[in-house]
Amino acid sequence: MAARQPYIDSDTSDEAVRATCDDATICKRFATSKSYWKDPYIQYFVRSVGERKAPEINRGYYARVQGVNRLLDAFLRKTKCDCQVINLGAGLDTTFWRLKDENLMPRKFFEVDFPTVVARKIHNIKTKPPLSKPLIETHSTDSLLLDAHSLDSDRYCIIGADLRDISSLDEKLKKFQLNPELPTLLLSECVLVYMTPSQSSNVVHWAAETFPTAMFINYEQVNMSDRFGQVMIENLQRRQCNLAGVEACQSLDTQKERFLKTGWEHADALDMMTVYSMLPQDDVARIERLEFLDERELLQQLLQHYSICWAAKDKLNLGLSQLAF
């Protein structure tokens, strides 16, 4: 059993969760500066490279980015891009720009996050031409909706919303031309774990009920009941960050069960050490030459405590349950 969570004021906890968005972006900025992978757009969200990150952290982010992208890109190819993507808790993610550059754009790409995070992202897009130009290039009319907490164009939409309020989320997405009949990929990275089990179940159930043909990719912690997992929980609690949904992170089975119990037909899960071993090994060899790693055991421990779980529903019989590593 995971340790009982101490009470943390909800506003403080929300603020701490919002801060994790900066952590992820800063870590990705550093890893890309070291050439772990290419992301020419992240510099417009985080200017300075910042202090050095440990090699195991860089390799962990490499596995995360490559692992999620492999499943996302496989879905886009399987649907021939005749689909939509919803990134839940997207933060300062740059996937929209990558997909445009790689000619893998879905019909529409939606992002949802706290209104304060969305406001920052929209400000960056408005003030940085390398971010705004691709958006304008994919928009056919003069009317681009832009206010403090939402941006809506033909192919890209950012919405400020709280994922714990499902009816409001559903209403906002449909207002911006979400099409439930279109094959839909939902993506969340270290998002559900900050919600209570019933709140995250509501999100996953809403997705299963709303989209007859869909895939859900969830990246987050796993194996959290062992000592290493307890240390991770304690470190986050020290920053007022409460892992309210940690009980779904006990094992790969509990990760899959969350989906299978809420209307998804098929679910798979792998820890990130396994994912790392299944990535193209020539590129893994390349990134392992970038920095010397003193303790490979530490990398293994870290990667064994994160996972990718993916679930599918397939009314259109596209073969979504076959998508894997």
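Biologist: Which helix does K100 lie in?

Modeller: Keep in mind that this is a predicted model. The helix in question covers residues 95-101, and K100 falls in that range. K100 therefore belongs to α3.

Biologist: How far apart in space are K100 and T138, C-alpha to C-alpha?

Modeller: In sequence, 38 residues separate K100 and T138. The C-alpha to C-alpha separation of K100 and T138 is 8.7 Å.

Biologist: Which helix supplies the largest share of the lining of the second largest pocket?

Modeller: That pocket has a volume of about 160 Å³. Its lining includes P197, S198, S200 and S201, and the helix spanning 197-210 is one of two that each supply at least two lining residues, the other being α9 (252-260). The largest share, four residues, comes from α7.

Biologist: How many residues of that lining are charged?

Modeller: The lining has two nonpolar and four polar residues. Among the lining residues are E247, E257, R258 and K261, and Glu, Lys and Arg count as charged. The number of charged residues is four.

Biologist: Is R258 buried or exposed?

Modeller: R258 lies in helix α9, and its side chain makes a polar contact with the side chain of Q255 at 2.9 Å. Beyond its neighbours within four places in sequence, R258 is in contact with L192, S200, V204, N218, E220 and A248. Its relative accessible area is 6%, and the cut-off is under 20%, so R258 is buried.

Methods. Residues numbered from 1 in each chain as written. Predicted model: local features only at pLDDT ≥ 70, side-chain atom pairs only at ≥ 80, totals over all residues. Heavy atoms only, no water. 1 Å grid on protein atoms, 1.4 Å probe; cavity = no way out; pocket = protein on both sides within 12 Å on 5 of 7 lines; lining within 4 Å. Points joined across faces, edges and corners; volume = space filled by probe spheres on them. Buried < 20%, exposed > 50% of the residue type's maximum accessible area, 1.4 Å probe, protein only. Polar contact = N/O pair within 3.5 Å; in protein donor to acceptor, adjacent residues only side chain to side chain. Contact = heavy atoms within 4.5 Å.
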